[in-house]
Amino acid sequence: MKRLLSLTLLLSIFLTACGASATPTPAPATEAPTLAPTEVPPTATPEPAPQTLTVFAAASLTDAFTEIGAAFDAANPGVTTTFNFAGSQALRTQIEEGAPADVFASASGKEMETLVTGTFVGADVSQVFLSNKLVVILPADNPAALEKLEDLANSGVKIVLATEEVPVGKYARQALDLMDASFGAGYKDKVLANVVSNEDNVKQVVAKVQLGEADAGIVYVSDVVAAPELKSIEIPAELNVIAKYPIAPLVKSENADLAVKFIEYVLSTEGQAVLAKWGFSPVK
Amino acid sequence: MSKLREFSRQVFGEGTSKWIFLLPSLILLVFFALPLIALIYRSIAPDFFANALSKQAFQALKLSLVTSSITTLVTVVLGTPLAYLLARWKFRFKAWLELILDLPIVLPPSVAGLALLIAFGRRGLIGTFLSDIGFSIPFTTTAVIMAQLFVAAPLYIRSARIGFAHVDKQLEESAYVEGANQLQLFYEIMIPIAIRSLASGAILTWTRALGEFGATILFAGNLEGVTQTMPIAIYIGFERNLGVAMALSVVLILVSVFLLMITKQLEKEEE
C-alpha cells in the first residue's frame with residue numbers, strides 16, 4: 001500500500017513537471033514603438049482575444065478558400081482561420097473520428113448528409129454556397145493528341161481519375177455514364193480501362209496531369225483556373241454533372257458564432273466574388 | 001546519480017529500485033500494445049470476414065507479397081556485392097557513398113516518391129529517354145517495386161556492410177595464404193560468417209517494403225491489382241469504409257506476426 005502511494009506521488013511529480021514544461025514561454029518583449037511622427041496613437045480599445053477557426057474544406061477549394069480565409073482574418077482582428085484541405089470523403093471520416101473542426105465545406109451533398117445523420121451537423125443548417133462542373137484536362141503539350149471527348153476511349157491513353165469515394169471521382173463516373181449513352185460502343189468501359197490511377201483527391205489528379213505523367217484527367221472547371229497552363233476539353237452541358245457544394249457549422253464547434261460568421265462571409269458578395277474569380281459558379 | 005538512488009530508496013523503500021526499470025518499460029509497452037488491441041477489438045464485427053476476404057483485400061495482399069519479395073530479391077542480388085565492396089575495399093569518397101546510401105533511411109518517403117517521379121517520370125531526367133524508347137514507369141507494378149527498393153534496400157546494405165566489416169582480417173589473410181581467390185574468399189568465408197547480418201538485413205528490407213506507402217502513392221498511384229498494395233488499400237479504405245480498412249489492417253498484422261515468427265525460428269536454428 002505504502003509502495004503504491006509513493007508510486008502515485010512520483011507519478012504526480014513527474015506529470016506536474018511535464019505540465020510545467022508545457023506552459024507557454026512568456027511572449028517576447030513587445031515591439032519597440034516606432035517614433036514616426038505620423039504614427040496614429042494606439043487606440044484605447046483592447047485587442048480582441050485571439051480566436052482560431054478551423055475549416056475543413058474540399059481539396060478543390062484550396063486556392064479560393066485560402067484567399068477567403070485571409071480576407072476574413074483581415075476583416076476580423078484577432079481571428080486566425082486555418083484550413084484542412086483534403087478529399088471531402090477523407091474530411092468526413094476525420095470529423096466522424098473526432099477531429100476538431102468548426103466548419104465543413106464539402107464538394108458533395110452526400111458527405112454532408114452522412115454527417116447530418118451522425119448528428120455531427122444540425123439538420124437543415126447546411127447551405128449550398130457554390131456549384132462547379134467537370135472538364136477534361138490535358139498536359140500543355142497534349143502527348144496523346146486528344147481533341148475531343150471520344151478520344152478518351154482510344155487505346156493506350158493514360159487517364160487519371162479520383163477514386164469513386166472522392167466527390168469528383170463519383171461525378172466523373174456519372175458524366176462517363178452520360179457520355180456512354182451518347183457515344184455508345186462501350187465508351188465508359190474503354191475509358192475506365194485506360195485509367196492508370198485512382199487518386200485520393202482532385203488536386204492529386206491535377207498534379208499528375210501537370211507533371212505530364214497522365215495524358216488526361218477529369219476534374220472541376222475551377223481547377224483549370226488554378227492551373228492555367230493546362231489544356232482542356234470542355235464537356236457540354238448535357239453530358240456534364242453539376243456539383244453543388246454545401247457548407248455548415250459543426251455541432252461540436254467551440255467557436256459556433258465565428259463559424260456562422262465565416263459561412264456568412266463565404267455567402268456574402270465579397271466571398272462569392274472570390275469564388276467566381278477561382279472559376280466556381282456562385283449561388284448568389 | 002547517488003542522489004537519485006537515495007531519493008528512489010526513500011520513495012520506494014529498500015530493494016525496489018527495479019521500478020526505475022519497470023515503470024518506463026510499462027508506459028512504453030502500453031503505448032505500443034493499446035493501438036493494436038484497439039484496432040483488433042473494433043474490427044471484430046459480423047462483416048469482418050466479408051471485408052478481410054474481399055477481392056480487393058486479396059489483390060492488395062497478393063500484390064504486396066509479390067512486390068516486396070521481388071524488392072528483397074533484387075536488394076540481395078545487387079546489394080550484397082555493394083555492401084562487400086564498401087566493407088572491404090578502400091577508395092576515395094567512400095564516406096560520401098555511404099552517406100548517400102544511408103540517406104533514404106532517414107528521408108521521408110514522400111521525398112523519395114517525388115524524387116523518383118522527377119527522375120523516372122515521363123518528363124523525368126531519365127524518364128524522357130525511357131518514354132522515347134517505349135517504357136513508361138509511373139503507375140505500373142515496376143514503379144511499386146522501385147519505390148520499395150529506394151526506401152528499403154539501404155537497410156539491407158547497411159546491415160550487410162556491418163556484417164562483412166566484422167569479419168576478422170586475419171581470416172582473410174590466411175585464406176589468401178591458403179591460395180583462395182577473391183570469389184572463394186567471398187563465398188566460402190565472408191558469406192558464411194556474415195550470414196546472420198545478411199539475413200536480418202534482408203528481413204528488415206522485406207518488412208519495410210511490405211509497409212511502404214508514401215513513395216508508392218506518389219510514384220505509382222493507386223489502381224487495384226496493379227499498384228494498390230495493402231498500405232494503400234488501407235489508406236483508401238479509411239475513407240470508403242472504416243470496416244474494410246480495419247479488416248485489412250488486422251490481416252496485415254497477422255501476416256507480419258506470422259513472418260516475424262518464421263524469422264525468429266530461423267534465428268533459433270542458426271544458433
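1. Start with the two domains of chain B: 5 residues of domain 1 of chain B are in contact with 6 residues of domain 2 of chain B, contact being C-beta atoms, placed from the backbone, within 7 Å. On the domain 1 side, the touching residues split into 3 nonpolar, 1 polar and 1 charged. Here Ala, Val, Leu, Ile, Met, Phe, Trp, Tyr, Cys and Pro are nonpolar, Asp, Glu, Lys and Arg are charged, and the others, Gly among them, are polar.

2. A word on the model: it is predicted, with local features needing pLDDT of at least 70 and side-chain atom pairs pLDDT 80 or more, while totals for chains, interfaces and linings use all residues. Residues are numbered from 1 along each chain as its sequence is written, with chains lettered from A and ligands numbered from 1 in the order written.

3. Back to those domains: domain 1 of chain B covers 1-43 and domain 2 covers 48-270, bounds that come from an automatic or database domain assignment. Their C-alpha centres lie 35 Å apart.

4. Next, the largest nonpolar core, which has 129 residues. Such a core is a set of buried Ala, Val, Leu, Ile, Met, Phe, Trp, Tyr and Cys residues joined through C-beta atoms within 7 Å; buried means 20 or more other C-beta atoms within 10 Å of the residue's own, again placed from the backbone. A:Val103, A:Phe104, B:Ala147 and B:Leu248 touch the most other members. Helix H8 of chain B (residues 141-165) gives the most to this core, 15 residues.

5. Take B:Leu248 on its own: leaving out residues up to four places away in sequence, B:Leu248 touches B:Ala57, B:Ala60, B:Met230, B:Ala233, B:Ile234 and B:Gly237.

6. As for chain A, 40% of its 284 residues are buried. Chain A has 10 helices and 10 strands, taken as DSSP runs numbered from the N terminus (helices H or I, at least four residues; strands E, at least two).

Note on methods. A residue is buried if 20 or more other C-beta atoms lie within 10 Å of its own, exposed if 12 or fewer, and partly exposed in between; C-beta atoms are placed from the backbone.
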